[in-house]
Amino acid sequence: MSEPFLIGDAMTAGYGKGPDILHDCTIAVNKGEIAVIVGPNGAGKSTAMKATFGMLDMRGGAVRLDGKDITKLSPQDRVIAGMGFVPQNANVFTSLTVQENLEMGAFIRTDDFSDTMTQIYDLFPILKEKRNQEAGELSGGQRQQVAVGRALMTQPKVLLLDEPTAGVSPIVMDELFDRIIEVARTGIPILMVEQNARQALEIADQGYVLVQGRNAFTGTGKDLLNDPEVRKSFLGG
Amino acid sequence: MDFLNAIIAISNYVLVPGIAYGSQLALGALGVTLIYGILRFSNFAHGDTMAFGAMVTILFTWLFQSMGISLGPLPTALLALPFGILGTMALLLLTDRLVYRFYREQKAKPVIFVIVSLGVMFIMNGLVRFIIGPGNQRFADGERFIMSARDFKAMTGLREGLAIKTTQGLTVVTAVIVVIALFWFINRTRTGKSMRAYSDNEDLALLSGINPERVVMYTWMIVAALTTIAGVLYGLDKSFKPFTYFQLLLPIFASAIVGGLGNPLGAIAGGFVIAFSEVTITYAWKKVLVYLMPTNLEPTGLVQLLSTDYKFAVSFVILIVVLLFRPTGLFKGKSV
(Lines give C-alpha, C1' and ligand atoms only; values in the text may rest on other atoms or scores of the structure.)
Protein backbone atom coordinates (compact mmCIF):
# COMPACT_ATOMS: atom_id res chain seq x y z
CA MET A 1 0.00 0.00 0.00
CA SER A 2 1.25 3.45 -0.84
CA GLU A 3 1.99 6.01 1.83
CA PRO A 4 -1.07 7.97 3.10
CA PHE A 5 -1.27 11.67 2.25
CA LEU A 6 -0.75 12.73 5.84
CA ILE A 7 0.67 10.38 8.42
CA GLY A 8 1.72 10.78 12.02
CA ASP A 9 3.91 7.72 12.17
CA ALA A 10 4.63 5.96 15.48
CA MET A 11 4.40 9.26 17.38
CA THR A 12 5.63 9.45 20.96
CA ALA A 13 5.00 12.90 22.32
CA GLY A 14 4.07 15.06 25.30
CA TYR A 15 3.61 18.70 26.28
CA GLY A 16 6.74 20.62 27.20
CA LYS A 17 8.78 18.69 29.76
CA GLY A 18 5.76 16.66 30.89
CA PRO A 19 5.36 12.91 30.59
CA ASP A 20 4.64 11.17 27.30
CA ILE A 21 0.97 11.26 26.39
CA LEU A 22 1.19 9.45 23.08
CA HIS A 23 2.98 6.13 22.87
CA ASP A 24 3.96 4.87 19.46
CA CYS A 25 0.70 6.15 18.06
CA THR A 26 -0.02 6.19 14.34
CA ILE A 27 -2.78 8.11 12.59
CA ALA A 28 -3.09 8.82 8.90
CA VAL A 29 -5.44 9.98 6.20
CA ASN A 30 -5.47 9.10 2.51
CA LYS A 31 -6.19 11.43 -0.38
CA GLY A 32 -9.90 12.15 -0.73
CA GLU A 33 -10.86 10.27 2.42
CA ILE A 34 -12.16 10.99 5.88
CA ALA A 35 -10.24 9.57 8.81
CA VAL A 36 -11.72 9.68 12.28
CA ILE A 37 -10.04 9.38 15.66
CA VAL A 38 -12.33 8.11 18.41
CA GLY A 39 -11.83 6.77 21.89
CA PRO A 40 -12.76 7.34 25.52
CA ASN A 41 -12.16 10.61 27.35
CA GLY A 42 -8.50 11.29 27.96
CA ALA A 43 -7.39 8.76 25.37
CA GLY A 44 -5.23 11.37 23.68
CA LYS A 45 -7.41 11.87 20.60
CA SER A 46 -6.96 15.61 20.38
CA THR A 47 -3.37 15.27 21.49
CA ALA A 48 -2.65 12.87 18.62
CA MET A 49 -4.10 15.35 16.16
CA LYS A 50 -2.23 18.28 17.69
CA ALA A 51 0.95 16.22 17.46
CA THR A 52 0.49 15.85 13.71
CA PHE A 53 0.07 19.62 13.60
CA GLY A 54 3.27 20.27 15.52
CA MET A 55 1.82 21.54 18.76
CA LEU A 56 3.61 19.02 20.97
CA ASP A 57 7.18 17.99 21.64
CA MET A 58 7.84 14.94 19.52
CA ARG A 59 10.12 12.43 21.19
CA GLY A 60 9.77 9.68 18.64
CA GLY A 61 8.23 9.02 15.27
CA ALA A 62 7.66 11.34 12.36
CA VAL A 63 4.99 13.33 10.55
CA ARG A 64 4.95 13.22 6.77
CA LEU A 65 2.79 15.28 4.44
CA ASP A 66 2.63 14.06 0.87
CA GLY A 67 5.82 12.08 1.42
CA LYS A 68 7.76 15.01 2.87
CA ASP A 69 9.00 14.90 6.46
CA ILE A 70 7.48 17.88 8.28
CA THR A 71 8.27 16.74 11.84
CA LYS A 72 10.45 19.77 12.50
CA LEU A 73 8.07 22.41 11.11
CA SER A 74 6.23 24.82 13.42
CA PRO A 75 2.41 24.86 13.24
CA GLN A 76 2.55 28.13 11.26
CA ASP A 77 4.89 26.59 8.72
CA ARG A 78 2.62 23.58 8.45
CA VAL A 79 -0.23 25.92 7.51
CA ILE A 80 1.96 27.24 4.72
CA ALA A 81 2.85 23.66 3.78
CA GLY A 82 -0.85 23.01 3.23
CA MET A 83 -2.43 21.91 6.49
CA GLY A 84 -5.64 23.48 7.73
CA PHE A 85 -6.42 23.13 11.43
CA VAL A 86 -9.65 23.91 13.25
CA PRO A 87 -9.11 23.89 17.02
CA GLN A 88 -11.86 22.73 19.33
CA ASN A 89 -12.16 25.92 21.37
CA ALA A 90 -11.83 29.59 20.49
CA ASN A 91 -11.70 28.73 16.80
CA VAL A 92 -13.15 31.97 15.46
CA PHE A 93 -12.29 35.64 15.93
CA THR A 94 -15.38 36.56 17.93
CA SER A 95 -15.08 40.34 17.54
CA LEU A 96 -14.51 40.17 13.79
CA THR A 97 -17.29 39.79 11.25
CA VAL A 98 -17.77 36.49 9.44
CA GLN A 99 -16.26 37.97 6.29
CA GLU A 100 -13.25 39.34 8.21
CA ASN A 101 -12.77 35.90 9.76
CA LEU A 102 -12.51 34.42 6.29
CA GLU A 103 -10.17 37.21 5.18
CA MET A 104 -7.91 36.48 8.14
CA GLY A 105 -7.94 32.82 7.19
CA ALA A 106 -6.49 33.86 3.86
CA PHE A 107 -3.86 36.08 5.48
CA ILE A 108 -0.92 34.15 4.10
CA ARG A 109 -2.27 34.33 0.58
CA THR A 110 -1.06 37.14 -1.62
CA ASP A 111 -3.21 36.21 -4.62
CA ASP A 112 -6.84 37.11 -5.14
CA PHE A 113 -8.89 34.89 -2.84
CA SER A 114 -12.40 36.04 -3.77
CA ASP A 115 -13.02 32.78 -5.66
CA THR A 116 -12.26 30.74 -2.55
CA MET A 117 -14.57 32.94 -0.54
CA THR A 118 -17.37 32.41 -3.05
CA GLN A 119 -16.79 28.65 -2.83
CA ILE A 120 -17.01 28.78 0.95
CA TYR A 121 -20.20 30.84 0.81
CA ASP A 122 -21.61 28.21 -1.57
CA LEU A 123 -20.59 25.47 0.83
CA PHE A 124 -21.97 27.30 3.89
CA PRO A 125 -24.86 29.49 2.61
CA ILE A 126 -25.68 30.70 6.13
CA LEU A 127 -22.30 32.41 6.31
CA LYS A 128 -23.06 34.49 3.25
CA GLU A 129 -26.26 35.64 4.85
CA LYS A 130 -24.45 36.62 8.07
CA ARG A 131 -21.20 37.82 6.56
CA ASN A 132 -21.35 41.27 8.15
CA GLN A 133 -22.26 39.97 11.59
CA GLU A 134 -19.70 39.45 14.34
CA ALA A 135 -18.75 35.78 14.62
CA GLY A 136 -19.27 35.96 18.39
CA GLU A 137 -22.98 36.60 17.85
CA LEU A 138 -23.54 33.39 15.90
CA SER A 139 -24.88 30.09 17.23
CA GLY A 140 -22.54 27.22 18.03
CA GLY A 141 -23.19 25.40 14.77
CA GLN A 142 -22.76 28.54 12.68
CA ARG A 143 -19.54 29.34 14.48
CA GLN A 144 -18.17 25.92 13.63
CA GLN A 145 -18.95 26.64 10.00
CA VAL A 146 -17.06 29.92 10.25
CA ALA A 147 -14.17 28.03 11.83
CA VAL A 148 -14.07 25.44 9.06
CA GLY A 149 -14.51 28.15 6.45
CA ARG A 150 -11.60 30.12 7.90
CA ALA A 151 -9.35 27.06 7.70
CA LEU A 152 -10.46 26.38 4.11
CA MET A 153 -9.45 29.88 2.99
CA THR A 154 -5.82 28.84 2.67
CA GLN A 155 -6.96 26.13 0.22
CA PRO A 156 -5.36 23.47 2.44
CA LYS A 157 -4.32 20.11 1.07
CA VAL A 158 -5.58 18.43 4.23
CA LEU A 159 -7.98 19.57 6.92
CA LEU A 160 -7.75 18.72 10.63
CA LEU A 161 -10.91 19.11 12.70
CA ASP A 162 -10.82 18.87 16.48
CA GLU A 163 -14.29 17.80 17.68
CA PRO A 164 -16.26 19.93 15.23
CA THR A 165 -19.56 18.88 16.81
CA ALA A 166 -18.67 19.52 20.45
CA GLY A 167 -21.46 21.30 22.26
CA VAL A 168 -24.02 21.53 19.47
CA SER A 169 -27.50 20.04 19.38
CA PRO A 170 -28.09 16.68 17.61
CA ILE A 171 -29.88 18.35 14.69
CA VAL A 172 -27.04 20.81 14.15
CA MET A 173 -24.62 17.92 14.54
CA ASP A 174 -26.22 16.05 11.65
CA GLU A 175 -26.04 19.17 9.53
CA LEU A 176 -22.38 19.68 10.39
CA PHE A 177 -21.57 16.08 9.45
CA ASP A 178 -23.30 16.64 6.11
CA ARG A 179 -21.21 19.74 5.53
CA ILE A 180 -18.02 17.90 6.43
CA ILE A 181 -18.85 15.20 3.91
CA GLU A 182 -19.43 17.92 1.33
CA VAL A 183 -16.02 19.42 2.08
CA ALA A 184 -14.46 15.97 1.72
CA ARG A 185 -16.22 15.58 -1.64
CA THR A 186 -14.37 18.64 -2.92
CA GLY A 187 -11.29 16.43 -2.64
CA ILE A 188 -9.78 17.63 0.63
CA PRO A 189 -8.74 14.77 2.94
CA ILE A 190 -10.12 15.28 6.44
CA LEU A 191 -8.70 14.01 9.71
CA MET A 192 -11.02 14.58 12.61
CA VAL A 193 -11.42 13.84 16.28
CA GLU A 194 -14.96 12.99 17.37
CA GLN A 195 -16.84 12.34 20.58
CA ASN A 196 -19.82 10.88 18.76
CA ALA A 197 -18.01 7.73 17.81
CA ARG A 198 -20.83 5.89 16.08
CA GLN A 199 -21.89 8.73 13.79
CA ALA A 200 -18.31 9.65 13.03
CA LEU A 201 -17.35 6.09 12.12
CA GLU A 202 -20.34 5.90 9.80
CA ILE A 203 -18.89 8.64 7.59
CA ALA A 204 -15.28 7.56 8.05
CA ASP A 205 -13.19 5.76 5.45
CA GLN A 206 -10.59 5.04 8.06
CA GLY A 207 -11.04 4.91 11.83
CA TYR A 208 -8.62 4.94 14.73
CA VAL A 209 -9.60 3.94 18.23
CA LEU A 210 -7.11 5.29 20.75
CA VAL A 211 -6.83 4.17 24.35
CA GLN A 212 -4.37 5.81 26.73
CA GLY A 213 -2.36 7.30 23.91
CA ARG A 214 -1.96 4.02 22.05
CA ASN A 215 -3.63 2.63 18.92
CA ALA A 216 -6.20 0.16 20.23
CA PHE A 217 -8.08 -0.63 17.02
CA THR A 218 -7.55 0.53 13.46
CA GLY A 219 -9.63 -0.21 10.42
CA THR A 220 -12.21 1.11 8.00
CA GLY A 221 -15.14 2.83 9.60
CA LYS A 222 -17.42 -0.05 8.70
CA ASP A 223 -15.06 -2.68 10.13
CA LEU A 224 -14.79 -0.86 13.41
CA LEU A 225 -18.55 -0.45 13.65
CA ASN A 226 -18.95 -4.18 13.13
CA ASP A 227 -16.10 -5.22 15.38
CA PRO A 228 -17.74 -6.77 18.46
CA GLU A 229 -14.83 -5.72 20.68
CA VAL A 230 -15.08 -2.07 19.62
CA ARG A 231 -18.87 -2.14 19.91
CA LYS A 232 -18.71 -3.53 23.40
CA SER A 233 -16.11 -1.13 24.74
CA PHE A 234 -16.81 2.11 22.95
CA LEU A 235 -20.13 2.11 21.16
CA GLY A 236 -22.31 0.86 23.99
CA GLY A 237 -23.11 -2.61 22.57
CA MET B 1 -30.38 87.81 28.63
CA ASP B 2 -29.19 86.36 31.93
CA PHE B 3 -29.97 82.92 30.64
CA LEU B 4 -27.87 83.50 27.53
CA ASN B 5 -25.04 84.86 29.65
CA ALA B 6 -25.20 81.71 31.78
CA ILE B 7 -25.00 79.50 28.71
CA ILE B 8 -22.01 81.45 27.40
CA ALA B 9 -20.28 81.26 30.78
CA ILE B 10 -20.77 77.50 30.88
CA SER B 11 -19.48 77.19 27.32
CA ASN B 12 -16.47 79.33 28.04
CA TYR B 13 -15.39 77.72 31.29
CA VAL B 14 -16.70 74.17 31.02
CA LEU B 15 -17.71 73.13 27.52
CA VAL B 16 -14.79 74.41 25.43
CA PRO B 17 -12.00 73.43 27.85
CA GLY B 18 -13.76 70.13 28.53
CA ILE B 19 -13.95 69.22 24.85
CA ALA B 20 -10.29 70.11 24.30
CA TYR B 21 -9.11 68.25 27.41
CA GLY B 22 -11.39 65.32 26.57
CA SER B 23 -9.86 65.06 23.09
CA GLN B 24 -6.38 65.02 24.59
CA LEU B 25 -7.34 62.32 27.09
CA ALA B 26 -9.09 60.33 24.37
CA LEU B 27 -5.94 60.28 22.23
CA GLY B 28 -3.90 59.20 25.24
CA ALA B 29 -6.44 56.56 26.24
CA LEU B 30 -6.56 55.21 22.67
CA GLY B 31 -2.87 54.42 22.95
CA VAL B 32 -3.31 52.72 26.33
CA THR B 33 -6.22 50.70 25.06
CA LEU B 34 -4.37 49.60 21.90
CA ILE B 35 -1.41 48.39 23.94
CA TYR B 36 -3.72 46.62 26.36
CA GLY B 37 -5.72 44.99 23.59
CA ILE B 38 -2.84 43.89 21.42
CA LEU B 39 0.24 43.62 23.62
CA ARG B 40 -1.87 42.69 26.64
CA PHE B 41 -0.48 44.87 29.38
CA SER B 42 -1.12 48.23 30.99
CA ASN B 43 1.66 50.51 29.84
CA PHE B 44 2.72 52.74 32.72
CA ALA B 45 5.29 54.44 30.53
CA HIS B 46 2.50 56.00 28.46
CA GLY B 47 2.55 59.43 30.08
CA ASP B 48 6.30 59.68 29.77
CA THR B 49 6.14 58.51 26.17
CA MET B 50 3.82 61.47 25.59
CA ALA B 51 6.37 63.72 27.26
CA PHE B 52 9.15 62.30 25.07
CA GLY B 53 7.15 62.83 21.88
CA ALA B 54 6.26 66.36 22.91
CA MET B 55 9.91 67.02 23.80
CA VAL B 56 11.21 65.93 20.40
CA THR B 57 8.54 68.05 18.76
CA ILE B 58 9.52 71.05 20.91
CA LEU B 59 13.18 70.67 19.97
CA PHE B 60 12.26 70.65 16.29
CA THR B 61 9.90 73.59 16.82
CA TRP B 62 12.76 75.60 18.30
CA LEU B 63 14.96 74.60 15.41
CA PHE B 64 12.36 75.75 12.89
CA GLN B 65 11.75 78.96 14.83
CA SER B 66 15.48 79.72 14.81
CA MET B 67 15.50 79.12 11.08
CA GLY B 68 12.61 81.52 10.70
CA ILE B 69 10.18 78.88 9.46
CA SER B 70 6.62 79.31 10.67
CA LEU B 71 3.09 78.32 9.77
CA GLY B 72 1.65 81.82 10.05
CA PRO B 73 -1.39 81.74 12.34
CA LEU B 74 -0.89 78.06 13.20
CA PRO B 75 1.72 76.93 15.72
CA THR B 76 5.08 75.88 14.26
CA ALA B 77 4.83 72.75 16.40
CA LEU B 78 2.45 71.36 13.79
CA LEU B 79 5.30 71.34 11.31
CA ALA B 80 7.60 69.68 13.83
CA LEU B 81 5.00 67.06 14.76
CA PRO B 82 5.94 64.48 12.08
CA PHE B 83 9.54 64.59 13.31
CA GLY B 84 8.36 64.13 16.87
CA ILE B 85 6.34 61.10 15.78
CA LEU B 86 9.33 59.60 13.96
CA GLY B 87 11.54 60.15 17.01
CA THR B 88 9.00 58.50 19.30
CA MET B 89 8.58 55.58 16.88
CA ALA B 90 12.32 55.06 17.01
CA LEU B 91 12.31 55.16 20.81
CA LEU B 92 9.37 52.76 21.19
CA LEU B 93 10.68 50.28 18.62
CA LEU B 94 14.07 50.38 20.31
CA THR B 95 12.49 49.85 23.73
CA ASP B 96 10.51 46.94 22.34
CA ARG B 97 13.60 45.38 20.80
CA LEU B 98 15.72 45.86 23.94
CA VAL B 99 13.17 45.25 26.67
CA TYR B 100 9.70 43.99 25.87
CA ARG B 101 10.70 41.41 23.26
CA PHE B 102 12.77 39.55 25.81
CA TYR B 103 9.73 39.18 28.07
CA ARG B 104 7.48 38.25 25.13
CA GLU B 105 9.81 35.41 24.30
CA GLN B 106 9.63 34.26 27.93
CA LYS B 107 5.83 34.43 27.64
CA ALA B 108 5.90 36.56 30.77
CA LYS B 109 2.64 37.22 32.63
CA PRO B 110 0.92 40.59 32.10
CA VAL B 111 1.80 41.68 35.63
CA ILE B 112 5.49 41.26 34.81
CA PHE B 113 4.99 43.46 31.76
CA VAL B 114 3.33 46.10 33.91
CA ILE B 115 6.32 46.19 36.25
CA VAL B 116 8.68 46.22 33.27
CA SER B 117 6.78 49.17 31.82
CA LEU B 118 7.18 50.89 35.18
CA GLY B 119 10.94 50.55 34.78
CA VAL B 120 10.72 51.85 31.23
CA MET B 121 8.70 54.76 32.60
CA PHE B 122 11.49 55.75 35.00
CA ILE B 123 14.08 55.57 32.24
CA MET B 124 12.01 57.69 29.84
CA ASN B 125 11.23 60.04 32.68
CA GLY B 126 14.94 60.54 33.31
CA LEU B 127 15.71 60.77 29.60
CA VAL B 128 13.27 63.62 29.06
CA ARG B 129 14.45 65.55 32.13
CA PHE B 130 18.04 64.98 31.11
CA ILE B 131 17.51 66.40 27.64
CA ILE B 132 15.08 69.25 28.15
CA GLY B 133 15.09 69.73 31.92
CA PRO B 134 12.28 69.45 34.47
CA GLY B 135 11.06 73.02 34.03
CA ASN B 136 8.21 74.60 32.12
CA GLN B 137 8.68 75.10 28.38
CA ARG B 138 6.54 77.29 26.17
CA PHE B 139 6.58 76.53 22.50
CA ALA B 140 3.19 77.72 21.26
CA ASP B 141 3.35 80.48 18.68
CA GLY B 142 1.12 81.82 15.94
CA GLU B 143 -2.34 83.28 16.56
CA ARG B 144 -3.46 82.83 20.17
CA PHE B 145 -7.21 82.94 19.69
CA ILE B 146 -9.69 81.83 17.08
CA MET B 147 -12.10 84.08 18.91
CA SER B 148 -11.19 86.18 21.93
CA ALA B 149 -13.60 87.04 24.72
CA ARG B 150 -13.46 90.72 23.84
CA ASP B 151 -14.35 90.12 20.17
CA PHE B 152 -17.21 87.92 21.23
CA LYS B 153 -18.57 90.55 23.60
CA ALA B 154 -18.30 93.22 20.93
CA MET B 155 -19.99 90.93 18.45
CA THR B 156 -22.93 89.89 20.61
CA GLY B 157 -23.21 92.65 23.19
CA LEU B 158 -23.43 90.06 25.97
CA ARG B 159 -21.69 90.57 29.30
CA GLU B 160 -20.03 87.17 29.17
CA GLY B 161 -17.34 86.45 26.63
CA LEU B 162 -16.61 83.19 24.84
CA ALA B 163 -12.96 82.61 24.05
CA ILE B 164 -11.76 79.81 21.83
CA LYS B 165 -8.01 79.37 21.78
CA THR B 166 -6.30 78.29 18.57
CA THR B 167 -4.83 75.34 20.44
CA GLN B 168 -8.29 74.23 21.55
CA GLY B 169 -9.66 74.36 18.02
CA LEU B 170 -6.56 72.61 16.76
CA THR B 171 -6.86 69.91 19.41
CA VAL B 172 -10.41 69.04 18.45
CA VAL B 173 -9.80 69.12 14.69
CA THR B 174 -6.63 67.02 15.00
CA ALA B 175 -8.29 64.54 17.35
CA VAL B 176 -11.20 64.05 14.94
CA ILE B 177 -8.84 63.49 12.00
CA VAL B 178 -6.64 61.09 13.98
CA VAL B 179 -9.59 59.08 15.28
CA ILE B 180 -11.12 58.77 11.80
CA ALA B 181 -7.76 57.69 10.37
CA LEU B 182 -7.22 55.19 13.18
CA PHE B 183 -10.66 53.61 12.81
CA TRP B 184 -10.29 53.46 9.07
CA PHE B 185 -6.95 51.73 9.53
CA ILE B 186 -8.03 49.10 12.06
CA ASN B 187 -11.37 48.35 10.40
CA ARG B 188 -10.60 48.55 6.72
CA THR B 189 -6.98 47.62 6.05
CA ARG B 190 -5.52 44.13 6.02
CA THR B 191 -2.90 45.07 8.61
CA GLY B 192 -5.50 46.69 10.81
CA LYS B 193 -7.74 43.64 10.66
CA SER B 194 -4.79 41.41 11.49
CA MET B 195 -4.16 43.57 14.57
CA ARG B 196 -7.76 43.13 15.68
CA ALA B 197 -7.55 39.41 14.97
CA TYR B 198 -4.36 39.13 17.03
CA SER B 199 -5.99 41.06 19.85
CA ASP B 200 -9.06 38.82 19.70
CA ASN B 201 -7.40 35.41 19.60
CA GLU B 202 -3.64 35.16 19.62
CA ASP B 203 -3.42 31.41 18.93
CA LEU B 204 -5.83 31.48 16.02
CA ALA B 205 -4.00 34.49 14.58
CA LEU B 206 -0.82 32.42 14.64
CA LEU B 207 -2.63 29.56 12.91
CA SER B 208 -3.80 31.99 10.25
CA GLY B 209 -0.22 32.95 9.51
CA ILE B 210 -0.37 36.41 11.11
CA ASN B 211 3.14 37.37 12.19
CA PRO B 212 2.95 38.58 15.80
CA GLU B 213 6.19 40.56 15.59
CA ARG B 214 4.75 42.59 12.71
CA VAL B 215 1.54 43.23 14.63
CA VAL B 216 3.58 44.36 17.63
CA MET B 217 5.68 46.64 15.45
CA TYR B 218 2.66 48.32 13.86
CA THR B 219 1.07 48.71 17.27
CA TRP B 220 4.10 50.56 18.66
CA MET B 221 4.23 52.78 15.58
CA ILE B 222 0.58 53.73 15.91
CA VAL B 223 1.00 54.25 19.65
CA ALA B 224 4.00 56.50 18.95
CA ALA B 225 1.87 58.65 16.67
CA LEU B 226 -1.01 58.79 19.14
CA THR B 227 1.15 59.62 22.17
CA THR B 228 3.13 62.29 20.37
CA ILE B 229 0.03 63.97 18.99
CA ALA B 230 -1.69 63.83 22.38
CA GLY B 231 1.44 65.10 24.14
CA VAL B 232 1.98 67.97 21.75
CA LEU B 233 -1.67 69.05 21.80
CA TYR B 234 -1.68 69.00 25.59
CA GLY B 235 1.59 70.92 25.70
CA LEU B 236 0.32 73.55 23.26
CA ASP B 237 -2.94 73.94 25.13
CA LYS B 238 -1.50 74.09 28.66
CA SER B 239 2.27 74.10 28.75
CA PHE B 240 5.01 71.50 28.60
CA LYS B 241 6.37 70.22 31.89
CA PRO B 242 7.59 66.61 32.18
CA PHE B 243 5.92 66.07 35.56
CA THR B 244 2.43 66.99 34.33
CA TYR B 245 2.68 64.22 31.75
CA PHE B 246 3.46 61.73 34.46
CA GLN B 247 0.40 62.98 36.32
CA LEU B 248 -1.73 62.58 33.20
CA LEU B 249 -1.29 58.83 33.55
CA LEU B 250 -4.15 58.60 36.05
CA PRO B 251 -6.86 60.39 34.03
CA ILE B 252 -5.70 58.56 30.90
CA PHE B 253 -5.92 55.16 32.52
CA ALA B 254 -9.22 56.12 34.08
CA SER B 255 -10.52 57.07 30.61
CA ALA B 256 -9.39 53.80 29.06
CA ILE B 257 -10.85 51.71 31.89
CA VAL B 258 -14.11 53.65 32.13
CA GLY B 259 -14.62 53.16 28.41
CA GLY B 260 -13.65 49.49 28.55
CA LEU B 261 -10.02 48.44 28.14
CA GLY B 262 -9.18 47.23 24.67
CA ASN B 263 -12.14 49.04 23.13
CA PRO B 264 -11.09 52.09 21.04
CA LEU B 265 -14.58 53.58 20.96
CA GLY B 266 -14.72 53.24 24.73
CA ALA B 267 -11.40 55.05 25.12
CA ILE B 268 -12.81 58.08 23.34
CA ALA B 269 -16.04 58.08 25.34
CA GLY B 270 -14.03 57.53 28.54
CA GLY B 271 -11.79 60.48 27.74
CA PHE B 272 -14.74 62.82 27.55
CA VAL B 273 -16.45 61.37 30.62
CA ILE B 274 -13.32 61.95 32.71
CA ALA B 275 -12.59 65.37 31.22
CA PHE B 276 -16.10 66.70 31.79
CA SER B 277 -16.31 65.23 35.28
CA GLU B 278 -13.03 66.88 36.19
CA VAL B 279 -13.94 70.24 34.72
CA THR B 280 -17.50 70.41 36.06
CA ILE B 281 -16.55 69.31 39.56
CA THR B 282 -13.64 71.73 39.89
CA TYR B 283 -15.44 74.68 38.27
CA ALA B 284 -16.71 77.47 40.50
CA TRP B 285 -20.37 77.65 39.53
CA LYS B 286 -21.10 80.92 41.30
CA LYS B 287 -21.09 83.02 38.14
CA VAL B 288 -23.52 80.79 36.31
CA LEU B 289 -25.81 80.51 39.31
CA VAL B 290 -25.85 84.29 39.79
CA TYR B 291 -27.27 84.56 36.31
CA LEU B 292 -29.78 81.80 36.73
CA MET B 293 -31.09 82.11 40.31
CA PRO B 294 -33.55 84.71 41.57
CA THR B 295 -31.79 87.75 43.04
CA ASN B 296 -32.21 86.82 46.70
CA LEU B 297 -31.14 83.21 46.34
CA GLU B 298 -27.77 83.92 44.77
CA PRO B 299 -25.00 81.90 46.31
CA THR B 300 -22.42 83.73 48.34
CA GLY B 301 -19.72 81.08 48.12
CA LEU B 302 -17.87 79.93 45.01
CA VAL B 303 -20.02 76.79 44.62
CA GLN B 304 -16.94 74.86 43.69
CA LEU B 305 -17.36 71.20 44.62
CA LEU B 306 -13.65 70.47 44.69
CA SER B 307 -10.60 72.65 44.50
CA THR B 308 -8.64 72.24 41.25
CA ASP B 309 -5.73 70.87 43.30
CA TYR B 310 -7.85 67.79 43.86
CA LYS B 311 -8.83 67.25 40.23
CA PHE B 312 -7.03 63.90 40.15
CA ALA B 313 -9.32 62.68 42.89
CA VAL B 314 -12.15 62.88 40.36
CA SER B 315 -10.57 60.38 37.96
CA PHE B 316 -9.69 58.22 40.90
CA VAL B 317 -13.22 58.10 42.27
CA ILE B 318 -14.72 57.41 38.84
CA LEU B 319 -12.14 54.68 38.32
CA ILE B 320 -13.04 52.98 41.59
CA VAL B 321 -16.77 53.23 41.00
CA VAL B 322 -16.43 51.72 37.52
CA LEU B 323 -14.16 48.93 38.73
CA LEU B 324 -16.60 48.10 41.53
CA PHE B 325 -19.80 48.09 39.54
CA ARG B 326 -18.86 47.60 35.92
CA PRO B 327 -15.33 46.17 35.62
CA THR B 328 -15.54 45.82 31.86
CA GLY B 329 -16.25 49.52 31.43
CA LEU B 330 -19.14 51.35 29.80
CA PHE B 331 -18.46 49.73 26.46
CA LYS B 332 -17.78 46.05 26.07
CA GLY B 333 -14.11 45.84 27.05
CA LYS B 334 -11.94 43.26 28.72
CA SER B 335 -12.24 43.04 32.48
CA VAL B 336 -9.19 44.19 34.34
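Predicted model: local features only at pLDDT ≥ 70, side-chain atom pairs only at ≥ 80, totals over all residues.

Residues are numbered from 1 along each chain as its sequence is written, and chains are lettered from A and ligands numbered from 1 in the order in which they are written.

Helices (H or I, at least four residues) and strands (E, at least two) are DSSP runs, numbered from the N terminus. Two strands pair if DSSP finds at least two bridges between them.

Start with the open sheet in chain A: four strands, order 2-1-4-5, with antiparallel pairing. At its edges are strand 2 (22-29) and strand 5 (68-69) of chain A, each pairing on one side only. Strand 5 of chain A is joined to strand 4 (residues 57-65) of chain A by two bridges, and A:Leu65 has A:Lys68 as its bridge partner.

Next, strand 9 (residues 206-211) of chain A. Five of its six residues are buried (20 or more other C-beta atoms within 10 Å of their own, with C-beta atoms placed from the backbone), so the strand is largely enclosed by the rest of the structure. Strand 9 of chain A pairs in the parallel sense with strand 3 (residues 34-38) of chain A over four bridges, and A:Ala35 stands opposite A:Gln206. With strand 10 (residues 214-220) of chain A, strand 9 runs antiparallel over six bridges. Those two strands form a hairpin with two residues between them, and A:Gln212 in the turn has a positive phi of about 45°.

Now the contact between chains, where residues count as touching if their C-beta atoms, placed from the backbone, lie within 7 Å. Chain A gives 17 residues and chain B gives 13 residues. On the chain A side, helix 2 (75-81) and helix 3 (98-105) each supply at least two residues.

Last, chain B. Which angle do helix 1 (residues 2-39) and helix 9 (residues 212-237) of chain B make? They pack at about 160°, with axes 9 Å apart; axes are lines fitted to C-alpha atoms over the stretch in contact, and angles run from 0 to 180 degrees between N-to-C directions. That makes the two helices roughly antiparallel (angles over 145 degrees). Among the contact residues are B:Leu27 and B:Gly31 of helix 1 of chain B and B:Val223 and B:Ala230 of helix 9 of chain B.

Note on methods. Parallel < 35°, antiparallel > 145°, perpendicular 65-115°, else oblique. Contact = placed C-beta atoms within 7 Å. Buried ≥ 20, exposed ≤ 12 C-beta atoms within 10 Å, placed from the backbone.
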